[in-house]
Amino acid sequence: MSTLFGLAIAFAQVGICAFGGGLSSLPLIEYQLVTRTGWLTTAEFNQVLALSQITPGPIAINAATFVGFQQAGFWGSLISTIALISGPIVMLSMVILMLQKTSAENSTKFKSFLRPIVAGLLLLAIVSPLSAT
């Protein structure tokens, strides 16, 4: 049971903290799977990455499904995939509910407030890999 819980925690963190798509979330996925948990070696992570890129679908979901299956079979793949997507779905649902319950003026102010934050996060996703080289 602790393996399933570990998979859920690791991939929930990836789902909540990853921003900017599959390629920009690779360092976080690698940290969770190689450094933090030790479930994969660097060579195995590269194999998972290659497999995730050649199969259809998002890289993070493919990696979660594969690693979950490798660690705990069918239930591990199911838990990993659900943990990866549940955080963003819950956060998006909360934002939608909040925007529906507010007035049009406050909704516009909130969206205007989010624009520079989203722009900064996108810029960070671009600058971080460039500064590492």
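What share of the contacts in the chain with a separation of 6 or more comes from residues 24 or more positions apart? Such residues account for 48% of these contacts, a contact being heavy atoms within 4.5 Å. The model is predicted, so that local features need pLDDT of at least 70 and side-chain atom pairs count only at pLDDT 80 or more, while totals for chains, interfaces and linings use all residues. Residues are numbered from 1 along each chain as its sequence is written, and side-chain values use heavy atoms, with hydrogens and water left out.

The chain has five helices and zero strands; helices (H or I, at least four residues) and strands (E, at least two) are DSSP runs, numbered from the N terminus. Of the 133 residues, 25% are buried, that is, under 20% relative accessible area with a 1.4 Å probe, protein chains only.

Helix α1 (residues 2–17) packs against α2 at an angle of about 160°. The two helices are therefore roughly antiparallel, a term for angles over 145 degrees between N-to-C directions. In this pairing, Ile 9, Ala 10, Phe 11, Gln 13, Val 14 and Cys 17 of α1 meet Leu 28, Ile 29, Gln 32, Leu 33 and Arg 36 of α2.

Gln 32 lies in helix α2 (residues 26–36). Because its relative accessibility is 3%, Gln 32 counts as buried. Its side chain makes a polar contact with the side chain of Arg 36 at 2.6 Å; a polar contact is a pair of N or O atoms within 3.5 Å, where within protein one must be able to donate a hydrogen and the other to accept it, and residues adjacent in sequence count only if both atoms are side-chain atoms. Apart from neighbours within four places in sequence, Gln 32 is in contact with Ala 10, Gln 13, Val 14 and Thr 37.

Note on methods: Buried means under 20% relative accessible area, exposed over 50%, partly exposed in between (1.4 Å probe, protein chains only). Axes are lines fitted to C-alpha atoms, for helices over the stretch in contact, and angles run from 0 to 180 degrees between N-to-C directions. Angles under 35 degrees count as roughly parallel, over 145 as roughly antiparallel, 65 to 115 as roughly perpendicular and the rest as oblique.
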